Amino acid sequence: FRGTMAVNPNLNKLFHQVIEHTSSESLKEHAASGKELDPEKRAFLEAAFAENVYNVVDKMKDCIAVCKNSESSEDAVIDALEELQFECEQIDAAADLHKLGGLVVMRVLLDHTSAEVRMNAAWVLATCVDQNPKAQDQATEIDLLPVLLKSLDKETDASVQQKLLLCVSGLVRGNTSLHSSFQELKGYEKIGALCKSPVLKLRRKAVFFLYALLQQFPQAEVEDVVCSNSLLRCIHSALDLVDEEVLQHALSFLALLSPPSARVLAEAHAAGLPQALSTVHDGLDADTQAALEEGLKASAAFRA
């Protein structure tokens, strides 16, 4: 462990208080006098700085201990998780979480009875694996992906689903070695189900996830994944709510298949996608059509 020292974000409040209660005239006078800072004021500031500078690893250990303690209140666990999420925004701290046993604790908390605890635990995990290859490898070591997908499949709270999706995205996107496992675990089926969510924000994120994940593969592989997992039916389902952002992500997804092969077009027709796209297209105002012009052109073959 590096034992990194960090400054409590509350220290900003102290700086503001010092500035607010110190006039520019008094600062000029003090600087001109060449006198040292009043001992009492110096002692106050030194104590304040010492109180607000802490060892990150020690702080994380304390938070993990709270999360593991069965006697901790729900509020205490949530506070600890929020602290961990903040610390794990630093890439080194995110990697340290596993060494401290924190990843396993977060995995356990995904089954907590409190939706807010589950949401915050998923958020900690999502923060850790986001663009962090070392943390992604650590998550793979503890077999996190199957747990995430199982949790996503049974979760009913939209806020928890969003964080779980964020975590799956951070773990799988750009990590081609996990893609086969993701498919074997029916990951596309689980994400595809979210494209039908009545929660618009979740629907947007699900459609974008499909696009962002598949764009790293050549078109032939994308076609195989799309057709094997009936993803065009998911895109069709996503379009039953009129939303410009969902449409934009759907068009970007279809652009990955453009120009579509005979197999893809047959799948699209079987899913009823051409009619859905035509209906959406005809209902767009001129400004929206102009904003989505490139995507609409790329998807024209699907509307034929």
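This is a predicted model: local features need pLDDT of at least 70, side-chain atom pairs count only at pLDDT 80 or more; totals for chains, interfaces and linings use all residues.

Residues are numbered from 1 along each chain as its sequence is written, and side-chain values use heavy atoms, with hydrogens and water left out.

Helix H4 (residues 56–68) packs against helix H7 (residues 102–109) at an angle of about 35 degrees, and their axes are 10 Å apart. Helices here are DSSP runs (H or I, at least four residues), numbered from the N terminus; axes are lines fitted to C-alpha atoms over the stretch in contact, and angles run from 0 to 180 degrees between N-to-C directions. The crossing of H4 and H7 is left-handed, a term for a near helix turned anticlockwise from the far one by less than a right angle. On the H4 side, Ile64, Cys67 and Lys68 make the contact, and on the H7 side Gly102, Val105, Met106 and Leu109; contact means heavy atoms within 4.5 Å. By class, this contact of H4 with H7 has five nonpolar, one polar and one charged residues. In that scheme Ala, Val, Leu, Ile, Met, Phe, Trp, Tyr, Cys and Pro are nonpolar, Asp, Glu, Lys and Arg are charged, and the others, Gly among them, are polar.

Helix H10 (residues 144–154) and helix H13 (residues 187–194) also pack at about 35 degrees, with axes 10 Å apart, and H10 passes H13 in a left-handed crossing. Leu149, Leu152 and Asp153 of H10 meet Gly187, Lys190, Ile191 and Leu194 of H13. The contact of H10 with H13 holds four nonpolar, one polar and two charged residues.

Further along, the axes of helix H16 (residues 231–238) and helix H17 (residues 244–255) come within 10 Å and cross at roughly 160 degrees. That makes H16 roughly antiparallel to H17 (the term covers angles over 145 degrees). Their crossing is left-handed. Leu231, Leu232, Ile235 and Ala238 of H16 touch Val246, Ala250, Phe253 and Leu254 of H17, and the contact has eight nonpolar, no polar and no charged residues.

How many cavities of 30 Å³ or more does a search of the whole structure find? It finds one. A cavity is a set of points on a 1 Å grid over the protein atoms alone where a 1.4 Å probe fits but cannot get out. The largest cavity holds about 40 Å³ of space, the volume being that filled by probe spheres set on the points. Leu239, Leu241, Val242, Asp243, Leu247, Val280 and Leu284 line the largest cavity, each having an atom within 4 Å of a point. This lining divides into six nonpolar, no polar and one charged.

Two loops remain. Gln131, between helix H8 (115–129) and helix H9 (133–141), has a positive phi of about 50 degrees although it is not a glycine. Pro259 lies in the loop between H17 and helix H18 (262–271), and a cis peptide bond with omega of about -5 degrees joins Ser258 to Pro259.

Methods
On a 1 Å grid over the protein atoms alone, a cavity is a set of points where a 1.4 Å probe fits but cannot get out, and a pocket is an open set with protein on both sides within 12 Å along at least five of seven lines; lining residues have an atom within 4 Å of a point. Angles under 35 degrees count as roughly parallel, over 145 as roughly antiparallel, 65 to 115 as roughly perpendicular and the rest as oblique.
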